[in-house]
Amino acid sequence: MSETLTARNDTPDGGSEEAVVGEAGETRVRERRAETPAEESLVQEGDVAGDYLERLLDLVDYDGDIDLDVDGGRAVVSVDGGEDLERLVGSRGAVLEALQELTRLAVQQVTGSRSRLMLDVAQWRADRRNELSELGSSTAEQVHRSGESMRLQPMTPFERKIVHDAVAEVEGVHSESEGEEPRRRVVVSAE
Amino acid sequence: MSMLADALEHLVRGIVDHPDDVRVQLVTNRRGRTLEVHVNPEDLGKVIGRGGRTATALRTVMSGVGGRGVRVDVVDTDR
């Protein structure tokens, strides 16, 4: 068994934690089992994160299902459900980024090592990924036609990565980031 | 309103070494409403974070779940 619920004993909430674990099977979809020690620790990250978020949803009384996965060498936790969840995304994903940060810290508190866990809420990252990918492609094509560089608005590292990937698909142009966080932005130029 | 305090208390308990020492109190005065976060002195650094990053994240999440206009203050305890 890959379930690593024993780690739960170290977590803060003591008694109430048991109940959360008891419900876990009903609300969570476990996509896969760990096959390597590295993957097992990612599954554990997902479990700890799932408990942390599930309790938060309970306390603020939002409906949400928590889905745990391991993808690209990191734990991925997705929360989907009612409209309330938009509040956990916030303007331009600001609340989502903050909640991801806290969730990573909660995981680190239990596992003792830094987490690169990715949190998505209400498919926000997935939707944003599509939007940004289209922005990257259309900007690249425009630069390719005009030969003039274009600077995009400041973005988070997550957002810039998606734009860079989309630009890289178009021949004759390249992209780089310039400026300092949080004003760092992508610049697309003709080659 | 105690929902906000409970939610914040949970968020903080999950990221500290001494979760039992975490207390969140809603204080109302003429400057408005403030959620005061009390933690073990050893955990202050964790709750504030590098450059105030963690405290900022806590504030951002609380503003998302309905605490807009409510201050979040991390307070040193004397125990």
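Contact here means heavy atoms within 4.5 Å. By that rule, 19 residues of chain A are in contact with 21 residues of chain B. This is a predicted model, in which local features need pLDDT of at least 70 and side-chain atom pairs count only at pLDDT 80 or more, while totals for chains, interfaces and linings use all residues. Residues are numbered from 1 along each chain as its sequence is written, chains are lettered from A in the order in which they are written, and side-chain values use heavy atoms, with hydrogens and water left out.

**Chain A**
- Chain A has five helices and seven strands, taken as DSSP runs (helices: H or I, at least four residues; strands: E, at least two) numbered from the N terminus.
- Along the sequence, the pattern of chain A is α-β-α-β-β-α-β-α-β-α-β-β.
- Of its 191 residues, 46% count as buried, that is, under 20% relative accessible area with a 1.4 Å probe, protein chains only.

**Interface of chain A and chain B**
- The two chains bury about 1,800 Å² between them, 68% of it on carbon and sulfur atoms; this is the accessible area (1.4 Å probe) lost on being put together, summed over both parts.
- The rule finds one salt bridge across the interface, meaning a side-chain nitrogen of Lys or Arg within 4 Å of a carboxyl oxygen of Asp or Glu.
- B:Arg53 forms a salt bridge with A:Glu101, with the closest N and O atoms 2.7 Å apart.
- On the side of chain A that touches chain B, helix H2 (37-60) and helix H3 (94-111) are the elements that give two or more residues.
- H3(A) supplies the largest share of that side, nine residues.

How values were computed: Buried means under 20% relative accessible area, exposed over 50%, partly exposed in between (1.4 Å probe, protein chains only).
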